[in-house]
Amino acid sequence: MTAAHGIRPLSDTVHVSATLDKASAENFPVAPAFLPRAWRDGLTAVYGYARLVDDIGDGDLAPGGRDAVLLGLDPAATDDRLAMLDAFEADLRRVFGGTDGPPRHPLLLALQPVVRAHDLTPEPFLGLIEANRQDQRVTRYETYADLVGYCELSANPVGRLVLSLTGTGTPERIRRSDAVCTALQIVEHIQDVAEDLGNDRIYLPAEDMRRFHVSEADLAAPSAGASVRSLVAFETERARELLNEGTPLVGSVHGRLRLLLAGFVGGGRAALRAVTAAGFDVLPGPPKPTKSGLLREVAAVLRTAPRKG
């Protein structure tokens with residue numbers, strides 16, 4: 001039997017696994033084993049979606065053009081990121097009941113039962129696509145407020161989806177979740193300054209670069225000088241304050257969800273601690289936390305997050 005009869009080729013199964021396997025490189029656990037199976041399945045499906053749309057936007061798709069073919073395009077379209085994002089959005093519409101059949105990409109096909117089971121809406125998923133479209137048009141951010149606006153598209157939808165999947169969304173929790181997700185996105189930008197510059201992107205606000213007398217040439221150096229380190233330290237503190245603002249989210253829930261959210265916050269804190277331990281020199285490569293460092297930070301969040309409800 002073939003994919004047309006409802007069974008995906010083995011090559012597509014391997015292709016999907018390669019995307020999902022990237023979860024191990026994230027700063028926080030994506031779908032840890034201690035969660036109920038339904039939550040794990042939902043979080044894995046959402047991660048697969050988010051990872052794929054980011055890979056399209058970053059040009060990090062697997063070679064060979066298979067993703068383009070799955071989305072109904074010529075293999076050569078893989079390099080046309082906007083065309084790929086448009087095709088991806090069209091396939092997302094199929095997840096939510098488009099008139100031209102089921103989703104074509106296996107990661108979106110896997111998302112469809114999750115969407116139906118949890119009555120998810122298209123808006124968070126569309127936000128992630130729009131963030132990646134913005135990445136094709138905007139490569140510099142003038143102000144911190146501009147960067148936060150980008151994070152509202154690129155990061156906050158993920159936290160909102162976690163709350164929806166677990167049935168715990170309230171206005172206060174959404175506000176706290178947005179703070180955590182924006183912080184995690186900024187942490188990632190701090191870690192990836194050199195990689196982003198290689199892709200002609202800078203997520204350090206231009207107004208801050210001027211304040212600390214940092215030029216783009218300074219960011220291209222093999223290691224950071226004093227001005228770059230001061231700038232990174234400043235952005236690190238901003239991210240830490242956002243994480244602190246969002247930390248009460250952990251104390252507002254119970255059981256396994258509390259542990260999961262502590263993992264997100266602890267992962268961000270551990271990454272910031274790694275940046276600090278590197279002397280704020282992120283230019284040789286992204287400072288990464290150790291597993292033991294991550295566990296210590298998660299434990300600290302669980303001890304200190306105020307309990308509510």
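Helix H8 is mostly covered, with seven of its 10 residues buried; buried means under 20% relative accessible area, exposed over 50% and partly exposed in between, with a 1.4 Å probe and protein chains only. This is a predicted model, in which local features need pLDDT of at least 70, side-chain atom pairs count only at pLDDT 80 or more, and totals for chains, interfaces and linings use all residues. Residues are numbered from 1 along each chain as its sequence is written, and side-chain values use heavy atoms, with hydrogens and water left out. The secondary structure of the protein chain comes to 16 helices and zero strands; helices (H or I, at least four residues) and strands (E, at least two) are DSSP runs, numbered from the N terminus.

**The chain as a whole**

- Of the 309 residues in the protein chain, 49% are buried.
- Among the contacts in the protein chain with a separation of 6 or more, 70% are between residues 24 or more positions apart; contact means heavy atoms within 4.5 Å.

**Nonpolar core**

- The largest nonpolar core holds 77 residues, and Tyr49 and Phe88 have the most contacts inside it. Helix H15 (residues 255–277) gives the most to this core, with nine residues.
- A nonpolar core is a set of buried Ala, Val, Leu, Ile, Met, Phe, Trp, Tyr and Cys residues joined through side-chain atoms within 4.5 Å.
- Residues up to four places away in sequence not being counted, Tyr49 touches Phe88, Leu92, Leu108, Leu111, Phe125, Leu126, Leu128 and Ile129.

**Helix H8 and its contact with H9**

- The buried residues of H8 are Asn156, Pro157, Gly159, Leu161, Val162, Leu163 and Leu165.
- The axes of H8 (residues 156–165) and H9 (residues 171–191) come within 8 Å and cross at roughly 135°. That angle makes H8 oblique to H9.
- Axes are lines fitted to C-alpha atoms, for helices over the stretch in contact, and angles run from 0 to 180 degrees between N-to-C directions. Angles under 35 degrees count as roughly parallel, over 145 as roughly antiparallel, 65 to 115 as roughly perpendicular and the rest as oblique.
- H8 passes H9 in a right-handed crossing. A crossing is left-handed if the near helix is turned anticlockwise from the far one by less than a right angle, and right-handed if clockwise.
- On the H8 side, Asn156, Gly159, Arg160 and Leu163 meet Arg173, Ile174, Ser177, Asp178, Cys181 and Thr182 of H9. The residues of this contact divide into three nonpolar, four polar and three charged.
- Here Ala, Val, Leu, Ile, Met, Phe, Trp, Tyr, Cys and Pro count as nonpolar, Asp, Glu, Lys and Arg as charged, and the others, Gly among them, as polar.
- Asp178 is found in H9 and is buried, with a relative accessible area of 14%. Not counting residues up to four places away in sequence, Asp178 touches Asn156 and Arg160.

**Helix H9 and its contact with H13**

- The axes of H9 and H13 come within 7 Å and cross at roughly 155°. The two helices, H9 and H13, are therefore roughly antiparallel to each other.
- H9 passes H13 in a left-handed crossing. From H9, the contact takes in Arg175, Arg176, Ala179, Val180, Thr182, Ala183, Leu184, Ile186, Val187 and Ile190, and from H13 it takes in Val232, Glu235, Thr236, Ala239, Leu242, Leu243, Glu245 and Gly246.
- The residues of the contact of H9 with H13 divide into 11 nonpolar, three polar and four charged.

**Val228 in helix H13**

- Val228 lies in H13 (residues 226–246) and is buried, with a relative accessible area of 2%.
- Leaving aside neighbours within four places in sequence, Val228 is in contact with Val214, Asp218, Leu219 and Leu283. Val228 and Val214 are 14 residues apart in sequence and 6.1 Å apart in space, C-alpha to C-alpha.

**Residues with positive phi**

- Asp119, a residue other than glycine, has a positive phi near 55°. Asp119 is found in the loop between helix H5 (106–118) and helix H6 (123–137), and at 66% relative accessibility it counts as exposed.
- His213 is not a glycine, yet its phi is positive, about 60°. The loop between helix H11 (206–211) and helix H12 (216–219) holds His213, which is exposed, with a relative accessible area of 66%.
- Gly167, which follows H8, has a positive phi near 65°.
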